[in-house]
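Work through the exercises below with the sequence and the model open. Each task is followed by a stepwise solution.

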Amino acid sequence: MHDRKSPEKVETPPDKPDNMEVRPLKKPKDAGALTRETQAKIGQQLRAYYDGLVEPTPDRFVDLLRQLDKPTGKGSSE
Amino acid sequence: MNTIDPALRDTMLGAVPSLRAFAISLCGNVDRADDLVQETLLRALANIDSFQPGTNMSAWLFTILRNLFRSEYRKRRREVEDSDGSYAETLKSQPEQTGHVEFEEFRKALEHLPQDQREALILVGASGFSYEEAAEICGCAVGTIKSRVNRARTRLAQLLSIESLNDFGPDVTTRAVLAGNDR
């Protein structure tokens with residue numbers, strides 16, 4: 001009983017159709033089994049979620065950047 | 001020395017809403033997200049010279065924010081996870097969602113995704129970046145982003161039971177089609 005390691009003479013590649021144990025080597029099951037419809041649905045929900053988080057820029061950030069606009073003083077010319 | 005080209009400043013400001021949404025989706029807390037955005041802007045201003053005019057300001061800011069979040073996340077890891085409650089409360093002006101339940105469900109499902117997958121999915125699927133841009137933001141290969149996005153979608157589909165998965169084998173054609181399909 002040899003382990004399959006022995007590199008003695010390997011001529012026939014082990015990919016006969018009836019060799020079932022070749023299959024689990026790669027399992028891209030998670031890599032793209034979704035239909036376009038499902039992808040679209042997820043995309044929709046994702047955008048709805050994200051859009052729900054988008055708000056106008058809070059003042060603190062506007063102020064922050066404006067302040068740096070004016071090198072002299074505190075830039076309170078509003 | 002703190003002057004900034006007004007055009008650049010406006011571009012930065014224009015990027016804030018989406019940047020902030022990204023931050024909220026990363027840390028699940030509006031206050032922390034705002035701190036993160038603020039730090040990002042300060043960091044950006046301090047390094048404005050390293051920004052190359054003509055390149056994507058948004059992507060640049062997202063990169064900074066993501067890196068900040070990553071390093072902060074590593075530090076805070078233990079004390080965090082104040083998830084659901086505070087998040088819902090701090091999210092004040094959320095627009096009326098037609099399906100609020102669906103929205104909540106989606107948010108929770110999103111939280112279940114590994115960080116890598118979540119950010120990839122959001123960048124590509126919501127923030128409007130290309131796979132290439134997302135790869136740059138995350139500092140990884142384009143193929144990595146693609147597979148993260150795919151895994152994220154698949155996981156979300158499971159979590160939301162949108163569809164029971166077909167048990168596809170290693171079908172190269174299908175994968176190629178899907179990979180080339182969006183954007």
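Predicted model: local features only at pLDDT ≥ 70, side-chain atom pairs only at ≥ 80, totals over all residues.

Residues are numbered from 1 along each chain as its sequence is written, and chains are lettered from A and ligands numbered from 1 in the order in which they are written.

**Exercise 1.** Decide whether I137(B) is buried or exposed, and list its contacts.

Solution. Step one: locate I137(B) in helix α7 of chain B; helices are DSSP runs of H or I with at least four residues. Step two: I137(B) is buried because it has 26 C-beta neighbours inside 10 Å, and buried means 20 or more other C-beta atoms within 10 Å. Step three: leaving out residues up to four places away in sequence, I137(B) touches A59(B), F62(B), T63(B), R66(B), L123(B) and F129(B); contact means C-beta atoms, placed from the backbone, within 7 Å.

**Exercise 2.** Find which members of the largest nonpolar core touch the most other members.

Solution. Step one: a nonpolar core is a set of buried Ala, Val, Leu, Ile, Met, Phe, Trp, Tyr and Cys residues joined through C-beta atoms within 7 Å. Step two: among the 52 residues here, the answer is A23(B), L65(B) and A134(B). Step three: helix α1 (residues 6–27) of chain B gives the most, ten residues.

**Exercise 3.** State the mean pLDDT of chain B.

Solution. Chain B averages 81 in pLDDT, the predictor's confidence in each residue, from 0 to 100.

Technical notes: Buried ≥ 20, exposed ≤ 12 C-beta atoms within 10 Å, placed from the backbone. Helix = DSSP H or I, 4+ residues; strand = E, 2+ residues; numbered from the N terminus. Contact = placed C-beta atoms within 7 Å.
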